[in-house]
Amino acid sequence: MIDFFLQAVHNFRMKESGNLQHIVHTLAPVWDSRSRVLILGTMPSPKSRAYGFYYMHPQNRFWPVLAAVFDEKLLYTYGSNPEKACLERRELVLHHGLALWDVLASCDIHGADDASIRNPAPNNLLQIIRGSEIARIFTTGQTAYTLYTKMCEPVTHIRADCLPSTSPANRGRWPLEKLIEAYRILR
């Protein structure tokens, strides 16, 4: 319990002291000309950037939720075979007419804490929208939704719907079963 408290104090001080990193988005969007639904996060987490693919933190529930929604089975884990895990998840997205990217092209951020974001710059979503059949846009969490609404919607002219975050920080409010039900709208 003391370790948890000390870590929380440390994290608070890091944020308050302005210890933010400037991060430039390096992951390519996942989409093809048949994509109909665009799912947008805020910015890849440090773990996702390390793996080179979206939602790769082992505790993030995005992939188990998507697999359940589309009645798919994920065979590979990040730990056992990261390359195959990334390819399998990419295929899942494309097979179901989805596209996956993030709202931001760059920002100053502390770790994966969306609440710490400063100096956000949006991605150019028009390249995906113009090259595909995107008719609906969903964000994975309130921060992505707020940033999309302010920075991207005036350009895309497509209203987004906000899905709950699949982050482990959201477990208390959104157990896995409720997340799966909320994400069924992607079908």
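**Sheet order and ring pairs**

Author: An open sheet of four strands runs in the order S3-S2-S6-S7, with parallel pairing. The model is predicted: local features need pLDDT of at least 70, side-chain atom pairs count only at pLDDT 80 or more, and totals for chains, interfaces and linings use all residues. Residues are numbered from 1 along each chain as its sequence is written, and side-chain values use heavy atoms, leaving out hydrogens and water.

Reader: What makes S3 and S7 stand at the edges?

Author: Strand S3 (98-102) and strand S7 (160-163) each have a single partner strand, so one side of each lacks a neighbour in the sheet. Strands are DSSP runs of E, at least two residues, numbered from the N terminus. Two of them pair if DSSP finds at least two bridges between them.

Reader: How do you know that S6 pairs with S7?

Author: Four bridges join S6 (residues 136-140) to S7. The pairing rule asks for at least two. Phe-138 stands opposite Asp-161 in S7.

Reader: Why is the pair of Tyr-55 and Phe-62 called stacked?

Author: Rings of Phe, Tyr and Trp (its six-membered ring) pair if their centres lie within 6.5 Å; planes under 30 degrees apart count as stacked, over 60 as edge-to-face, the rest as tilted. Tyr-55 and Phe-62 show 4.0 Å centre to centre and 15° between the planes. Hence stacked.

Reader: What makes Phe-62 and Trp-63 edge-to-face?

Author: Their planes stand 85° apart, with 4.9 Å centre to centre.

Reader: Why does Phe-62 count as buried?

Author: Buried means under 20% relative accessible area, exposed over 50%, partly exposed in between (1.4 Å probe, protein chains only). Phe-62 has 0%, so it counts as buried. Tyr-55, at 12%, is buried too.
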